[in-house]
Amino acid sequence: MIHKRYSVVLTGKTDPARFLSFLVGSGVKMSGIMESGKGIRFRTDKKGIQVIRKHRRRYKMRVTIKPADDGTVEKRVFTSFRFLIACIIPLLASLFLWKIEIETDVPEVSERIGNKLEETSITLFRPLHLIPDEGEIRRSLMVDDQSLSWVRFKRSGSTLTVIPMLSPKLNDRIEKTGPPSDLVARTGGVITGFQLSRGERVARINQTVKKGDLLATGILEQGNKKTIVGAEGSVYADFWLEYSFKIPKTVDYHLLGEENVMIQWRSPVVWGDGRIPKLRSFIQTERYREDRLGQFDLKEGMEQDVIIPLLKHKIVTETQSDLIIKDENILHLTFGNDTVEGTILFLINENIAIKRPLSQGD
């Protein structure tokens, strides 16, 4: 607790030393005792002032009491309750999420991401230690949104910035300038969804199709009238893909280190050349992270924890489409002296629609 100090000057016809001895015996705290003209000057607290006022007539002393000057403006700021409150409130506020930003030029994507964040309880004023890690948030955003190829995050203090990266639109120019077409299956599978901008569905969801089957037609019929508009869009289906691989037995990895935050206290008052004080934040934060490189050897028993995740990452990063891997089944796996090879069945969900030009006669 910060005690207020008072400056006291004792004057009178009697010797002030007797009164000072009495005050010391009474437990009065005094500091800075010095002789000033005809009297004695010192500092004391509120309790000492009460004792002085009660017994000054007994010792025939004249007392002058003034609030003590605690020094510079900066010192008085640091020793006030208001300064302590000003320190505590921002410190407590920094423990909560105050702002969520989504950096994208597509309003639909921003709305979908905002709704998904609310579903996963990532909302304003939520404690920072209750927010899931970036990998978990990224998985929840990408699993239901096939337009996303990756999601980056940037956290600055109590602000979380989400930066979605959209999947490239392949063959977009060809689709716009090509002849009217139907959409047919390039491989077999089970239909899971449609995203058509033109045309009419022929297949239905949960239907099993084989290569070459008609998925969507570009001919619209109304009574006896037929209109050729061409089919545009995507048709998603689940299908099994047999994937053979051969990888080195020694794997290099890049491990991200833990992010550390250093908090330093500094004076909120900055004196300029013109002696006009400026205010700044009294908290200075520095973030640093130490990453490291390493190697490890693949061994039997690492199939589910290491090998399959490595292959999934390789397939997803090398594929120029919105591919999703749902499941896997190991057919065989062989550990050699320097390599690991085998064959795995992956359950893939991907756009299987390709265009087949419509016949328009002569």
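I count a residue as buried under 20% relative accessible area, as exposed over 50%, and as partly exposed in between (1.4 Å probe, protein chains only). By that rule Arg186, at 31% relative accessibility, is partly exposed.

I note that this is a predicted model, in which local features need pLDDT of at least 70 and side-chain atom pairs count only at pLDDT 80 or more, while totals for chains, interfaces and linings use all residues. Residues are numbered from 1 along each chain as its sequence is written, and side-chain values use heavy atoms, with hydrogens and water left out.

**Salt bridges**

I took a salt bridge to be a side-chain nitrogen of Lys or Arg within 4 Å of a carboxyl oxygen of Asp or Glu. The structure holds nine of these salt bridges.

I looked up Arg186 and found it in a salt bridge with Glu350, with 3.0 Å between the closest N and O atoms. Arg186 lies in the loop between β8 and β9 (189-198) and Glu350 in strand β23 (residues 339-351), so the pair ties together parts that are 164 residues apart in sequence. Helices (H or I, at least four residues) and strands (E, at least two) are DSSP runs, numbered from the N terminus. Glu350 is buried, at 11% relative accessibility.

I then checked Lys326, which forms a salt bridge with Asp238, the closest N and O atoms being 3.1 Å apart. This pair links distant parts of the chain, with Lys326 in strand β22 (residues 324-335) and Asp238 in strand β15 (residues 232-248), 88 residues apart. Lys326 is partly exposed at 46% relative accessibility, whereas Asp238 is buried at 17%.

Lys226 and Glu221 also form a salt bridge, with the closest N and O atoms 3.9 Å apart. Both Lys226 and Glu221 are exposed. I also recorded a network of salt bridges that links Arg198, Glu232 and Lys355.

**The four-stranded sheet**

I found an open sheet of four strands in the order β10-β12-β8-β24, with antiparallel pairing. β10 (200-201) and β24 (353-357) stand at the edges with a single partner strand each, so one side of each has no neighbour in the sheet. I called two strands paired if DSSP finds at least two bridges between them. Strand β8 (residues 181-185) pairs with β24 in the antiparallel sense over five bridges. Leu183 stands opposite Lys355 in β24.

**Two threonines**

I located Thr217 in strand β12 (residues 214-217). Thr217 is buried, at 14% relative accessibility. Its side chain reaches the backbone nitrogen of Ile219 at 3.2 Å. Leaving aside neighbours within four places in sequence, Thr217 is in contact (heavy atoms within 4.5 Å) with Asp182, Gly199, Glu200, Val202 and Ala231.

I located Thr44 in strand β3 (residues 39-44). Thr44 is buried, at 0% relative accessibility. The side chain of Thr44 reaches the backbone oxygen of Lys29 at 2.7 Å. Not counting residues up to four places away in sequence, Thr44 touches several residues, among them Lys4, Tyr6, Val28 and Ile52.

**Trp98**

I placed Trp98 in the loop between α4 (81-93) and β5 (99-102). At 44% relative accessibility, Trp98 is partly exposed.

Note on methods:
A polar contact is a pair of N or O atoms within 3.5 Å; within protein, one must be able to donate a hydrogen and the other to accept it, and residues adjacent in sequence count only if both atoms are side-chain atoms.
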